[in-house]
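Please read it alongside the sequence and the coordinates.

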Amino acid sequence: MVHSLIDRSAREAYGRLVALLTARTRDVEAAEDALQEAFLAALEQWPLVGVPRQPEAWLMAVARRRWLDRTRKESRMDRYSDFEAHFDAMESETSRGMDLPDDRLELMMICAHPVLESSLHAPLILQTVLGMTADQVASVFLTSPAGMAQRLVRAKRKIKLAGLRFELPGHEQLEARLGALLDAVYAAFGAAWDDWTGADGQRRLATEAEMLCAAMAGRLPEHPEVLGLWALMKYHEARYAARRAADGSFVPLDEQDVSRWNAGMIEEAETLVRRAAAALKSSGRLGRYALEAAIQSAHVTNRLNGSRDSAGIYRLYEALVRVAPSRGVRVAHAAAAAEAVGAETGLRLLEAVGDGGERPYQPFYALRAELLYRLGRYPEAQLDYDRAIALSTDEAVRGYLRGRKKR
Amino acid sequence: MKYALLIHESEEVFAVRQDPAKAPAYWGAYTAFGQALTEAGVMTGGAGLQPPATATSLRKVQGKNAIQDGPFADTKEQLAGFYLIEVVDLDAAMEWAERCPAIEYGGSVEVRPLLVM
């Protein structure tokens, strides 16, 4: 009970507390260490004395003391007197029941600062704001844990020693960095999502990613990309249960039982898509997430109305492949073309994407198998199904592909 | 915070200094940049350097001092000068770096925080 409370406080408070401690010090590492100690103290004390009335404020107070002890030991006195005043002001606010300020957007913006190597932007955000370990971050980005840990430490040193600015940048810079923020949030969501069998901890990461997106939407009102990503996550969550049949087997979108969708969440997603579309009309910058959300909206509308507007979906993919020509998007674009134009066109677009060479790409083979099957090229289709099955990490997906192969 | 702006230029840009047609514009740009730094009250020091051919490098090799004619690393760009500035943060230092004439001349400016002693 207490442990689960601590765990929940941890998830909800972690990023906010790191952000608050970092705001004045720029010392992400010290903030993380201090918080770590605060959570350890909570584990020791809460079971004995009960959970404090304001867990977040309690954690903050302990973290602050640990942080000050540490700073006193290793640096000059003059540096922390104004931090103390800052923390005192904060503590008196929270003791009056006010919420701690939310500096997470600033923290994310510093993680996505152009003076830091761009491939580290999203990993840094996942670690500092969502509290993921270097190992977890490495597994999300498919790199070696040791190398990732080292690069994260180096980046945090630079944030501290080089004196990066901890405040929201101007409009142009903000737009330039926002992509990295959204990608990080979506990567965290995807990491939780991929692990279907995953423990509760993983599912909570998806929830946390969505809450973070909601917080961003609160700070950056009516931004089409933020609203788009938020909607996108809601569409996925709404269909979560319907993705598996009772026996655990995989169910693709067009075969899902729509009565198992979370109708309330679909409605929320639809509202967000409409807001994103309205925001697009005024700002005019068409981006990846607004488009992906629009595509999900079109799929959902088709399923709920029993319609098949594949041409509309294909048009959206045509736009998406221009703004975000990643491998995944290009394969999905080929699939949309197959539905709207024909299997031959889809196959031609897919062949142009390539099979991934040394790192073979499962969606490529799964789609090519399906298209070859539709074109009556059965022996080739069988070969590709076998490759796709071999490349699938999820047993439910393998089972689904075996079923398609046997048709 | 205090930062050093370390200016690196290629051989061709060092040659501009000797070119009667181009040198006035080159020196003019650096003079203007230095004035801007001074007027903003952020400059705390700095110097331009003679070309790398005038350098002498010293290090200990197998216990003996070894002298080398020229700079150590034979890279495409060499240190051409530096400014010491004091500004609120790295973002402000980067804004000054962007205005440095070296950027226009195809060189680079390395921005490094100074050690606090």
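Helices (H or I, at least four residues) and strands (E, at least two) are DSSP runs, numbered from the N terminus. Gln62(B), for instance, is found in the loop between strand E3 (56–61) and strand E4 (64–69) of chain B. This is a predicted model, in which local features need pLDDT of at least 70, side-chain atom pairs count only at pLDDT 80 or more, and totals for chains, interfaces and linings use all residues; side-chain values use heavy atoms, with hydrogens and water left out. Residues are numbered from 1 along each chain as its sequence is written, while chains are lettered from A and ligands numbered from 1 in the order in which they are written.

**Confidence**

- The mean pLDDT (the predictor's confidence in each residue, from 0 to 100) of chain A is 87, and 88% of its residues reach 70 or more.
- Where pLDDT is low, the predicted coordinates should not be read in detail.

**Chain A overall**

- Chain A has 19 helices and zero strands.
- Of its 407 residues, 50% count as buried; buried means under 20% relative accessible area, exposed over 50%, and partly exposed in between (1.4 Å probe, protein chains only).
- Carbon and sulfur atoms hold 52% of the accessible surface of chain A, which comes to about 19,300 Å²; accessible areas come from the Shrake-Rupley method with a 1.4 Å probe, and for residues only the protein chains shown count as cover.
- Among contacts (heavy atoms within 4.5 Å) in chain A with a separation of 6 or more, 65% are between residues 24 or more positions apart.

**Covered helices of chain A**

- Helix H5 (residues 104–111) of chain A is mostly covered, with eight of its eight residues buried; among them are Arg104(A), Glu106(A) and Cys111(A).
- Helix H6 (residues 121–130) of chain A is largely enclosed by the rest of the structure, because ten of its ten residues are buried.
- The buried residues of H6(A) include His121(A), Pro123(A), Gln127(A) and Thr128(A).
- Just after H6(A), Gly131(A) takes a positive phi of about 70 degrees.

**Cysteines**

- The structure holds zero disulfides over all chains, a disulfide being a pair of cysteine sulfur atoms within 2.5 Å.
- Cys213(A) is in no disulfide, and the nearest cysteine sulfur, that of Cys111(A), is 17 Å away.
- Cys213(A) is buried, with a relative accessible area of 0%, and Cys100(B) counts as buried at 1% relative accessibility.

**The sheet of chain B**

- Four strands of chain B form an open sheet in the order E2-E5-E1-E6, with antiparallel pairing; two strands pair if DSSP finds at least two bridges between them.
- The edge strands, each pairing on one side only, are strand E2 (43–48) and strand E6 (108–113) of chain B.
- From one strand to the next, the twist averages 20 degrees; axes are lines fitted to C-alpha atoms, for helices over the stretch in contact, and angles run from 0 to 180 degrees between N-to-C directions.
- Nine bridges join E1(B) to E5(B), where Ala4(B) stands opposite Leu84(B).
- Six bridges join strand E1 (residues 2–10) of chain B to E6(B), and Glu110(B) is the bridge partner of Leu6(B).
- Five bridges join E2(B) to E5(B), and Met43(B) has Ile85(B) as its bridge partner.
- Helix H2 (residues 23–39) of chain B lies across E1, E2 and strand E5 (77–86) of chain B, running at about 25 degrees to E5(B).

**Loops and positive phi angles**

- Most residues other than glycine have a negative phi, and most peptide bonds are trans.
- Gln62(B), although not a glycine, has a positive phi of about 45 degrees; Gln62(B) counts as exposed at 80% relative accessibility.
- Glu222(A), also not a glycine, has a positive phi of about 55 degrees.
- Glu222(A) is placed in the loop between helix H10 (200–219) and helix H11 (224–238) of chain A and is partly exposed, with a relative accessible area of 39%.
- Gly354(A) is in the loop between helix H16 (343–353) and helix H17 (362–374) of chain A and counts as partly exposed at 22% relative accessibility.
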